[in-house]
Amino acid sequence: MAKALFGHVGGSDPRMVSEMRRLQKRVRDLEDEISRLQARNDQLSMAVTEATPGATEREPALA
C-alpha cells in the first residue's frame, strides 16, 4: 500500500500522462469529424430538399 500511495503522491507517471494526452487528442479529432459529418449531412439534406420540392408533401388519401 505504501508503494501505491507513493506512486499516487510522488507525481504523475509519464506513460499515463502521454496516454492521457493521446486520448484527449483522439477525442478532439473525433469531435471534429462529427462536426464535419453533420455539416456535410446538412448540405446533402438541403440539396435533396431543393431537388425535390414536393417530396415532403403527402397527397391526401382518396375518399
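1. Helices (H or I, at least four residues) and strands (E, at least two) are taken here as DSSP runs, numbered from the N terminus. On that basis the protein has 2 helices and 0 strands, and helix α2 covers residues 14-51.

2. The model is a predicted one, in which local features need pLDDT of at least 70 and side-chain atom pairs count only at pLDDT 80 or more, whereas totals for chains, interfaces and linings use all residues. Residues are numbered from 1 along each chain as its sequence is written, and side-chain values use heavy atoms, with hydrogens and water left out.

3. On accessibility, buried stands for under 20% relative accessible area, exposed for over 50%, and partly exposed for what lies in between (1.4 Å probe, protein chains only). Of the 63 residues of the protein, 0% count as buried. The protein exposes about 6400 Å², of which carbon and sulfur atoms supply 60%; accessible areas come from the Shrake-Rupley method with a 1.4 Å probe, and for residues only the protein chains shown count as cover.

4. A search of the whole structure finds 4 salt bridges, a salt bridge being a side-chain nitrogen of Lys or Arg within 4 Å of a carboxyl oxygen of Asp or Glu. Among them is the pair of arginine 15 and aspartate 13, whose closest N and O atoms are 3.3 Å apart. Arginine 15 counts as exposed, at 66% relative accessibility, while aspartate 13, at 31%, counts as partly exposed.

5. Another salt bridge joins the side chains of glutamate 19 and arginine 22, at 2.8 Å from N to O. These two residues, glutamate 19 and arginine 22, are separated by about one helical turn because they lie 3 residues apart in helix α2. Glutamate 19 is partly exposed, with a relative accessible area of 35%, and arginine 22 is partly exposed at 46%.

6. Lysine 25 and aspartate 29 also form a salt bridge, with 3.0 Å between the closest N and O atoms. Lysine 25 and aspartate 29 are 4 residues apart in helix α2, so about one helical turn separates them. Lysine 25 counts as partly exposed at 45% relative accessibility, and aspartate 29 is partly exposed with a relative accessible area of 35%.
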